[in-house]
Amino acid sequence: MNKSHDKVVYLNREPTVIPGAEHNISRNAISDNALKVLYRLKNAGFAAYLVGGSVRDLLLGREPKDFDVATDATPEQIRELFRNSRLIGRRFRLAHVHYGDDIIEVSTFRAPHRIDTSAGHAVDGRIIRDNVYGGIDDDVWRRDFTVNALYYNIADEAVVDYVDGMRDIKSCCIRLIGDPHERFTEDPVRLLRAVRFATKLGFRISGDTERCLSELAPSLGGIAPARLFEEVLKMFFNGYALQTFEQLRHYRMFGELFPQTEEALAHQYGGFPHTFVVNALRNTDNRLAENKPVTPGFLLAALLWIPMDRLARDNIAQGLKEMEAIMLAGDIVISKQTRSTAMPRRFTQLAREIWQLQPRLARSVNRRPHRLVQHPRFRAAYDFLLLRAESGEEVTELANWWTAFQQDNPVKKAHSGDKHNSRRRRRRRQRQS
Ligand code: ATP
Ligand code: MG
């Protein structure tokens with residue numbers, strides 16, 4: 001650990017304190033629930049700061065997605081102070097304070113792992129423990145990017161900056177705190193976060209941080225598949241899926257998340273995988289912009305369509321019937337995919353159903369189309385068919401047929417994206433059987 005000397009100097013830095021009059025965060029922009037939490041902590045004699053994405057977004061004049069609070073109260077003290085709180089977390093404990101659907105996350109200041117010992121680290125440098133409490137001047141060093149490590153003090157409305165985060169906010173720069181190689185190795189999920197924030201905020205990634213991205217991309221393979229899936233959701237359902245995808249490919253991270261898709265893209269099997277994936281992601285962004293429902297199952301079906309279709313064609317060539325070929329290919333492709341990102345069954349199930357409905361859309365034209373329209377997944381399967389047509393597959397005529405059919409035969413039914421309704425229907429079916 002030859003860097004430990006540098007780091008000690010770094011850790012002793014004094015913060016820059018930006019008084020309330022010199023920054024643009026106004027208390028009115030902070031949610032009532034977050035203010036309630038901050039004031040109750042302060043009035044009980046604890047330090048109470050807004051931290052992370054909310055401070056960053058408020059400084060940028062954006063609406064924060066959620067509000068995170070940092071304090072010197074221990075989880076038990078937080079629990080005592082807020083009857084509506086619950087302690088969560090295995091790797092480190094923090095409190096969720098509940099106000100209906102709104103959750104304010106309150107975490108106790110924690111010290112970073114000790115860099116001069118191997119305690120808390122796996123052999124490859126990843127953090128395995130992170131639960132030593134500390135002060136704000138400890139807490140700041142365990143955070144990821146400088147723009148995510150600014151603290152807004154409710155006591156005097158000042159912003160406390162240990163890491164020149166304010167400078168990076170002003171110059172639109174994503175920069176990892178400390179030595180990037182070391183910090184990315186500790187937690188490779190930060191690689192994905194760098195791309196996500198750069199894309200969402202329209203920031204550049206600082207040179208030394210950026211240099212690590214492609215090099216360390218393979219370390220994503222060591223992250224639990226369930227955690228990777230959580231990140232995939234954050235990256236692809238924030239309205240910037242297409243740009244994020246292009247950046248993930250650029251930094252060789254996409255293949256760590258979707259190896260089969262990456263392989264199809266690299267080899268351009270079928271001639272149009274790139275167009276297809278791009279259209280699917282753009283479709284997701286557009287639907288979110290129009291406040292339409294989106295479901296990860298649909299995007300999963302799209303991302304894995306080319307590898308699934310290729311395998312299904314191989315199966316048919318070996319003598320399987322079309323539906324069997326698709327079912328078998330779907331099983332194989334999904335089971336390989338869950339080794340990288342572990343998805344809940346309801347999403348993989350939707351992907352399978354969308355695939356299986358594709359040949360039925362072709363067949364039902366001459367055979368009971370009214371019945372297929374009643375299928376709970378018809379709408380999703382039809383949207384998928386449109387995507388295939390848009391991307392150059394020879395199904396335009398079929399897609400147009402179904403569009404016209406629905407116009408001529410309007411049916412009152414739940415939208416495919418209406419997860420709640422289809423779940424209710426499924427439960428009813430289960431009760432009946
Ligand atoms: P978003 O707008 O997506 O909520 P955010 O910055 O608030 O962005 P969160 O995932 O909510 O991101 O995390 C809150 C804060 O916790 C971050 O700003 C950062 O300071 C810290 N943090 C989160 N994940 C990590 C990580 N993997 N490594 C280090 N610090 C992290
Ligand atoms: Mg957040």
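**Contacts, burial and helix packing**

User: Leaving aside neighbours within four places in sequence, which residues is Glu 262 in contact with?

Analyst: Glu 262 is in contact with Arg 249, Phe 254 and Gly 255, contact being heavy atoms within 4.5 Å. The model is predicted, with local features needing pLDDT of at least 70, side-chain atom pairs pLDDT 80 or more, and totals for chains, interfaces and linings using all residues. Residues are numbered from 1 along each chain, chains are lettered from A and ligands numbered from 1 as written, and side-chain values use heavy atoms, without hydrogens and water.

User: Why is Glu 262 called partly exposed, and why is Asn 33 called buried?

Analyst: Glu 262, in helix H13 (residues 259-267), has a relative accessible area of 21% and is therefore partly exposed. Asn 33, in helix H2 (residues 32-43), has 14% and is therefore buried. The cut-offs are under 20% for buried and over 50% for exposed, with partly exposed in between (1.4 Å probe, protein chains only).

User: What joins the side chains of Asn 33 and Asp 102?

Analyst: A polar contact of 2.8 Å joins them, inside the limit for a donor and acceptor pair of N or O atoms within 3.5 Å. Asn 33 also touches Tyr 99 and Ile 104.

Conventions
Helices (H or I, at least four residues) and strands (E, at least two) are DSSP runs, numbered from the N terminus.
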